[in-house]
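Here is a quick tour of a single chain, meant to be read with the structure open beside it. Have a look first, then come back for the details.

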Amino acid sequence: MVLDQAKQRRGPVIVKTVAATLLLVFISTLHSLTHVKKRLRETGSVNPTDHLLVAAHLLEASLMGFSIVLALVVDRFHYFIKQVHQLRRELDVLKKHPESIKRKGKEIYETEQQHFNGRGGTPS
């Protein structure tokens with residue numbers, strides 16, 4: 001419910017801003033990581049400071065990547081739960097009023113009959 005309300009107001013703008021910021025920091029971290037690894041390859045020797053920098057950047061990049069994936073999973077999960085609730089509500093309404101289902105079915109059948117008869121074809 002809270003996530004639903006946040007998505008309806010200014011939530012989408014805030015979520016997109018946070019996601020863009022996380023993505024930019026993630027790309028920056030990956031860039032720094034590749035820069036340090038490139039420096040390690042050029043010098044050929046392992047400097048303890050560079051080794052520590054690589055470990056820190058790798059940890060930071062992996063945590064941010066996991067956070068981004070988790071946010072995407074939560075968003076999709078929320079969307080599917082919302083769809084399930086909507087379908088359940090519609091099913092409950094249809095169960096309470098079965099005559100409306102029959103009426104709509106007849107209307108659809110008659111519309112299809114008119115459509116096919118107007119084109120000269122036969123319904124299958």
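## The annotated stretches

Over residues 53–74 the chain is 100% helix and 0% strand, with the end C-alpha atoms 31 Å apart. Keep in mind that this is a predicted model.

## The overall layout

The protein chain has four helices and zero strands, so reading from the N terminus you simply get α-α-α-α. Of its 124 residues, 12% are buried. The accessible surface comes to about 10,700 Å², and carbon and sulfur atoms account for 66% of that.

How about contacts across the sequence? Taking contacts between residues at least 6 apart in sequence, 57% join residues at least 24 apart.

## Helix α3

Helix α3 covers residues 48–96.

Which residues of α3 are buried? They are Asp 50, Val 54, His 57, Ala 61, Met 64, Gly 65 and His 78.

Val 54 is one of the residues found in α3. Its relative accessibility is 12%, and the cut-off for buried is under 20%, so Val 54 counts as buried.

What does Val 54 touch, once neighbours within four places in sequence are set aside? The contacts are Leu 33, Val 36, Lys 37 and Leu 40. As for Leu 40, it sits 14 residues from Val 54 in sequence, and the C-alpha to C-alpha distance is 9.8 Å.

## Two salt bridges

The count of salt bridges comes to two. In one, the side chains of Asp 50 and Arg 39 meet at 2.7 Å, N to O. Asp 50 belongs to α3 and Arg 39 to helix α2 (residues 11–43), so this pair ties together parts that are eleven residues apart in sequence. The Asp 50 end is buried, at 9% relative accessible area, while Arg 39 is partly exposed at 31% relative accessibility.

The other salt bridge pairs Asp 75 with Arg 76, and here the closest N and O atoms are 3.9 Å apart. Asp 75 is partly exposed, with a relative accessible area of 28%. Arg 76 is also partly exposed, at 43% relative accessibility.

Which residues make the nonpolar surface patch of about 350 Å²? Leu 59, Leu 63 and Phe 66 do. Leu 63 has its place in helix α3, the helix that also holds buried residues, among them Ala 61, Met 64 and Gly 65.

Terms used
Residues numbered from 1 in each chain as written. Predicted model: local features only at pLDDT ≥ 70, side-chain atom pairs only at ≥ 80, totals over all residues. Heavy atoms only, no water. Patch = residues over 30% accessible without salt bridge, like charges linked within 9 Å, V, L, I, M, F, W, Y side chains within 5 Å. Areas by Shrake-Rupley, 256 points an atom, 1.4 Å probe, with all protein chains shown as cover. Salt bridge = Lys/Arg side-chain N within 4 Å of Asp/Glu carboxyl O. Helix = DSSP H or I, 4+ residues; strand = E, 2+ residues; numbered from the N terminus. Buried < 20%, exposed > 50% of the residue type's maximum accessible area, 1.4 Å probe, protein only. Contact = heavy atoms within 4.5 Å.
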